[in-house]
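Please read them with the sequence and the coordinates open side by side.

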Amino acid sequence: MNSDFKEYIGCIHAHTIFSDGSGTYSEIIKAAQEAGLDYLLASDHRTLRGREEGFTGWHDNLFVSVGYEINDADDQHHYLAFGLDKILPSSYSHKEYIQAVKEKGALGIAAHPFEQRDIDSAIAGFPPIPWGNLDYPEVEVIEIWNMMSHWLELTTVRNKYWNVVHPRSFSTFPSRQLLKWWDKANLERKVTGIGSVDVHATKITIFGFFTKAIFDYKIMFKSIRTHLLCNDELSKSDDNSTTESTIFKLIHDGRTFISNYRWGDARGFRFWAEDGDRILQMGESGEMKHPVLKATLPEKGHCRIIRNGEVFQKGKATKLNLQVTPGIYRLEVLKGKHGWIYSNHIKILESK
Ligand SMILES: [Zn+2]
Ligand SMILES: [Zn+2]
């Protein structure tokens, strides 16, 4: 039953020359196609120029949606908005824009929520851009793993050359603090997690003569991906707004999992709860009398089942089949010492 889904694999959060990225739309589309993505959600700072210039839509087998990244007057509370045709007034506070995105039925994603830097050793010119408080009911989707933000958190004046040359190897896990917040939030209300690349391909000069992009688009598109599980195939004959609505709803509803392609192709991963004929998928909640948690993995990994924010079971497996009691569950899979797959939550309620 669970293999019936159409799985769409994509990257979220990419910058182009329309803001502070180094690539054109044609270049990022080519890089995404070469990396084998099915969809790409691009988001420049404070502009929808990519949308106005007609880049939303199918490019062979890649669907591109153009949104934008909003910030407040203090350049904080970065928020991705997808599905808007016009940018919101730049005078809006973060409370106003998260509210407006919700009211307009667009998809909002809190970007790099708890970004931190060690101010003494961080590389110059990249201050942290945190959220502080994330407890707004309108914030329904957050970045659990932002490749670029994590890179900046871990990169110091001492290791920057190593990190530039080994772009994908350093980011081994999403932030523990963020996962903790995410699990706790889900005890109260549903908050979906996605993975993002936040790619800029910023060109820097190393050793005074060697210019290198941190990181190249194609390399980043082979790192943190968000997999969508769709009941039906996306049809190229649908208009773009229909395809966008389908993608945004899957993301919003949490019918997704995050993977780091650096540690293996996670296509085919499934995680669900079953009670007789009744099934709950990732992102869903419902009552069950005799719930069984099930998962299939594309290859053996070290599984950690998280129940209500605590590690509940762990061990190496390619399949899971575990009788459980009601609770809020998610599954993490590690490959060696590296975080590989992160599911969204399934909420199993007591059957009355
Ligand atoms: Zn940002
Ligand atoms: Zn960004």
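**Notes on the chain**

1. Ser285 has Lys347 as its bridge partner in E20, and this belongs to a parallel pairing of strand E15 (residues 285-288) with strand E20 (residues 346-350) that spans four bridges. Strands pair here if DSSP finds at least two bridges between them. Lys347 in E20 is also the bridge partner of Ile328, and strand E18 (residues 327-335) runs antiparallel to E20, with three bridges joining them.

2. This is a predicted model, in which local features need pLDDT of at least 70 and side-chain atom pairs count only at pLDDT 80 or more, whereas totals for chains, interfaces and linings use all residues. Residues are numbered from 1 along each chain as its sequence is written, while chains are lettered from A and ligands numbered from 1 in the order in which they are written.

3. The chain has eight helices and 20 strands, these being DSSP runs numbered from the N terminus (helices: H or I, at least four residues; strands: E, at least two). Of its 352 residues, 43% are buried, that is, with 20 or more other C-beta atoms, placed from the backbone, within 10 Å of their own; exposed means 12 or fewer, and partly exposed in between.

4. Asp75, although not a glycine, has a positive phi of about 55°, and lies in the loop between strand E4 (62-70) and strand E5 (79-82). Asp75 counts as exposed because it has 10 C-beta neighbours inside 10 Å.

5. Asn308, likewise not a glycine, has a positive phi of about 50° and sits in the loop between strand E16 (292-307) and strand E17 (310-323). With 14 other C-beta atoms within 10 Å, Asn308 is partly exposed.
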